[in-house]
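Dear colleague,

Please find below the structure that I am handing over to you. My findings follow directly after it.

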Amino acid sequence: MKKYLVAFVIALFPLSVLAAGGAGPKLDHMEVDLHNKASLQRGMQIFVNNCLGCHSAQYQRYERAAVDLGIPLELAEQNLLLGDQKIGEQMTIAMGKEDSGKWFGNPPPDLTLEARLRGTDWLYTYMRSFYKDPARPWGVNNVVFPDVGMPNVLEYLQGEQINTCTKDELLHAEKRIDPLTGKAMGGCLTVSTQGQQSPEEFDKTIYDLVNFMAYIGEPSKLDSHRIGTYVLIFLFFFFFLAYALKQEFWKDVH
Ligand code: HEC
């Protein structure tokens with residue numbers, strides 16, 4: 001009997017893990033692709049132009065990012081530096097934490113490690129889940145981060161969204177498939193007034209942005225991938241060399 005009880009508890013265990021992870025709205029999934037340089041470059045541009053006004057990424061240097069992402073340094077200097085910053089400097093901002101804390105309630109945190117802290121699915125969903133809420137100081141709220149202190153800074157691209165979510169619904173259109181027709185159904189967040197981009201284009205913009213944020217969270221990952229390939233190639237050839245050597249040594253023994 002005891003054996004069955006133990007087996008039962010073990011069988012239930014994965015369920016409890018699922019339940020623990022199930023709190024909060026469902027997140028949309030995105031595959032990070034650190035090899036997609038074009039995406040990372042676009043992401044850097046969006047980040048620098050729209051986020052560095054309030055958030056820093058102080059553990060990342062412009063130059064390192066430009067070199068890693070294959071952006072010519074001159075172009076980066078002309079287009080990506082803020083004010084009189086130099087290419088060798090970190091991505092910092094002038095706004096003091098005290099001031100921004102007063103203005104926004106909570107100061108905008110540094111974003112260098114944000115993708116590791118929250119996860120890329122969270123970021124991808126968060127950035128697309130602002131909706132109109134006149135009761136909030138900036139006129140917007142967020143499904144993933146209720147009562148967030150950040151304005152929807154990309155509203156000029158996305159437009160304005162309205163929220164008809166009730167509990168446990170999927171947020172975004174492309175994720176909700178009608179089981180009968182197999183077609184995508186509208187999510188509970190819908191764009192009411194479109195901005196400069198269509199919802200599909202906006203999803204791509206956020207994909208690029210979050211891809212870039214994943215990169216600044218772990219810039220050496222690009223290096224490790226490259227070096228890893230060389231290591232594997234080396235091991236492959238070394239195997240034959242070692243084998244030939246072994247044959248040579250044992251020749252006399254036999
Ligand atoms: C006008 C200033 C401002 C701009 C511009 C801005 N943010 Fe924010 N952001 C904030 C503030 C303030 C918070 C803190 C909100 C809170 O804690 O309630 C925040 C919070 C966040 C968070 C959640 C942090 C956490 O884990 O608690 C993320 C992620 C984020 N911002 C990403 C971005 C990105 C990406 C951009 C650029 C597209 C951006 N922000 C542009 C002000 C800004």
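**The iron site**

The iron atom of the ligand has six donor atoms around it, and because the angles they subtend run from 87 to 178°, the arrangement is octahedral. Please note that the model is a predicted one. The protein supplies His55, through NE2, and Met150, through SD, as donors, at 2.0 to 2.1 Å from the iron atom. These two residues are 95 residues apart and link distant parts of the chain. His55 lies in the loop between H2 and strand S1 (57-61), whereas Met150 lies in the loop between strand S4 (140-142) and helix H8 (155-158).

**Two helices in contact**

Helix H2 (residues 37-50) and helix H9 (residues 199-217) have axes that come within 7 Å and cross at roughly 90°. H2 is therefore roughly perpendicular to H9. On the H2 side, the contact residues include Leu40, Met44, Ile46 and Phe47; on the H9 side, among them are Tyr207, Leu209, Phe212 and Ile216. Sorted by class, the contact of H2 with H9 comprises 10 nonpolar, four polar and two charged residues.

**An annotated segment**

An unreviewed UniProt entry lists residues 227-245 as "transmembrane region". In the model, this span is 100% helix and 0% strand, and its end C-alpha atoms lie 26 Å apart.

With kind regards

Notes
Residues numbered from 1 in each chain as written. Predicted model: local features only at pLDDT ≥ 70, side-chain atom pairs only at ≥ 80, totals over all residues. Heavy atoms only, no water. Axes fitted to C-alpha atoms, helices over the stretch in contact; angles between N-to-C directions. Helix = DSSP H or I, 4+ residues; strand = E, 2+ residues; numbered from the N terminus. Parallel < 35°, antiparallel > 145°, perpendicular 65-115°, else oblique. Contact = heavy atoms within 4.5 Å. Nonpolar A, V, L, I, M, F, W, Y, C, P; charged D, E, K, R; others polar. UniProt positions renumbered as here; feature names shortened; annotations may be inferred. Donors = N, O, S within 2.8 Å, 3.2 Å for Na, K, Ca; no water. Tetrahedral: all angles 85-135°; square planar, octahedral: opposite > 155°, others 65-115°.
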